[in-house]
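Here is a short briefing on one protein model.

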Amino acid sequence: MNRLKKENRTASVKAEHKHSQGRTVFIAVAIVILTAFIGAAAYIVPAIRAKAPRRALIIVPENGSAQQLCDSIERRYGREFASRFMRATRLTGFQFSPQPGAYEIKSGESAMSAARKIAKGEQYVVTITLRNIRTIEELAGKTSATLRFKQQELIDALSDPDAMRVYGLTPSNALALFMAGKYEIPWDTSAEDFISSIGKNYLAFWNQKRRKQASALGLTPAETATIATIADEETGKDDEKGRVCRLYLNRLKKGMRLQADPTVKYAIGDFSIRRVLKNHLAVQSPYNTYRVSGLPPGPIRISNPSTIDAFLNSEPTADIYMCARPDFSGYHDFSSDFSEHQRNARRYQEKLNELEIR
């Protein structure tokens, strides 16, 4: 009996010892896992939580390395953020290989988000607003300031007859390709690809319906745009732009010179002129429609789609003459009679003299 109790006691001690050993192993494993988790968290969390303190545009060159990218980020954000950014690149789950181009890191964006963006090649898209641009040089300067290509590269591309022929244009009227509006263009776009992107918009606008309307007026799309740009310079009143376009079309059909003041300003290169005088009219230029018959070689600014549509949808008129109203409202007095026009012009000139506008 005593031996049986002794054996039971021994078995109980062994069981308790075994359970104790199991609990010790479990605790040890838990400590290892917890330590690993804490270590992983210490490695991962900073990369997730690290926020860019300001916006920056990061340029990745062709064949750029991850180290070059890290150096670029360090120059903009400092060593700590750059270190966490590179840590984030190792957490993206694949071999990090930065794609060439431009990338926007926004203020407050995490290092992880920036790493994924660059790894996936999510290029920075530039929103370009085009309006009130009067020359190819001005256009090239504005766009090259925010896109990758150089100013001269766009000028050269627009001077290529073959490139312009695709759109029914020539280097002389290449400005007709561009219309006022907002365009989203990837930063690394070449000059040629930029033209192609703009060209798609041009061809979409000049659909079959609009081409037929222009043809009914005896005009090509570029010629329509040219007259529309003169109207845009003549008046800021949208509700009379179609009528102004019709006036110049009437002059054109009668074989009259357009005698449009904005074309003289364009020829001189000075749109600040408030009063066109005789010495201005003497300038030698194919854009001086006081001296040259027919339309100028091309638009005198990028066109407004709304003005072109106002022209295409306008009703015929007998207008030949127009004169700014002496109340400086921005509107014009129209007439088909020269004597009436002279009276209108006299009133306006007297008001200019009264206000000593030269």
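Angles under 35 degrees count as roughly parallel, over 145 as roughly antiparallel, 65 to 115 as roughly perpendicular, and the rest as oblique. The model is predicted. In it, helix 11 (residues 238–253) and helix 14 (residues 305–312) pack at an angle of about 60 degrees. Helix 11 and helix 14 are therefore oblique to each other.

**Helix 11 and helix 14**
- The axes of helix 11 and helix 14 are 8 Å apart.
- Helix 11 passes helix 14 in a right-handed crossing.
- On the helix 11 side, Lys241, Gly242, Cys245, Arg246 and Leu249 make the contact.
- Helix 14 contributes Thr307, Ala310 and Phe311.
- Sorted by class, this contact of helix 11 with helix 14 has four nonpolar, two polar and two charged residues.

**Overall make-up**
- The protein has 15 helices and six strands.
- It has 358 residues, and 41% of them count as buried.
- Of the contacts between residues at least 6 apart in sequence, 62% join residues at least 24 apart.
- The accessible surface is about 19,900 Å², with 50% belonging to carbon and sulfur atoms.

- Asn132 has a phi near 55 degrees, a positive value in a residue other than glycine.
- Asn132 is found in the loop between strand 3 (125–130) and helix 5 (136–144).
- With a relative accessible area of 44%, Asn132 is partly exposed.
- Phe328 is not a glycine either, yet has a positive phi of about 55 degrees.
- The loop between strand 5 (321–324) and strand 6 (332–335) holds Phe328.
- Phe328 counts as partly exposed, at 36% relative accessibility.

How values were computed. Residues numbered from 1 in each chain as written. Predicted model: local features only at pLDDT ≥ 70, side-chain atom pairs only at ≥ 80, totals over all residues. Heavy atoms only, no water. Axes fitted to C-alpha atoms, helices over the stretch in contact; angles between N-to-C directions. Helix = DSSP H or I, 4+ residues; strand = E, 2+ residues; numbered from the N terminus. Left-handed = near helix turned anticlockwise from the far one by under 90°. Contact = heavy atoms within 4.5 Å. Nonpolar A, V, L, I, M, F, W, Y, C, P; charged D, E, K, R; others polar. Buried < 20%, exposed > 50% of the residue type's maximum accessible area, 1.4 Å probe, protein only. Areas by Shrake-Rupley, 256 points an atom, 1.4 Å probe, with all protein chains shown as cover.
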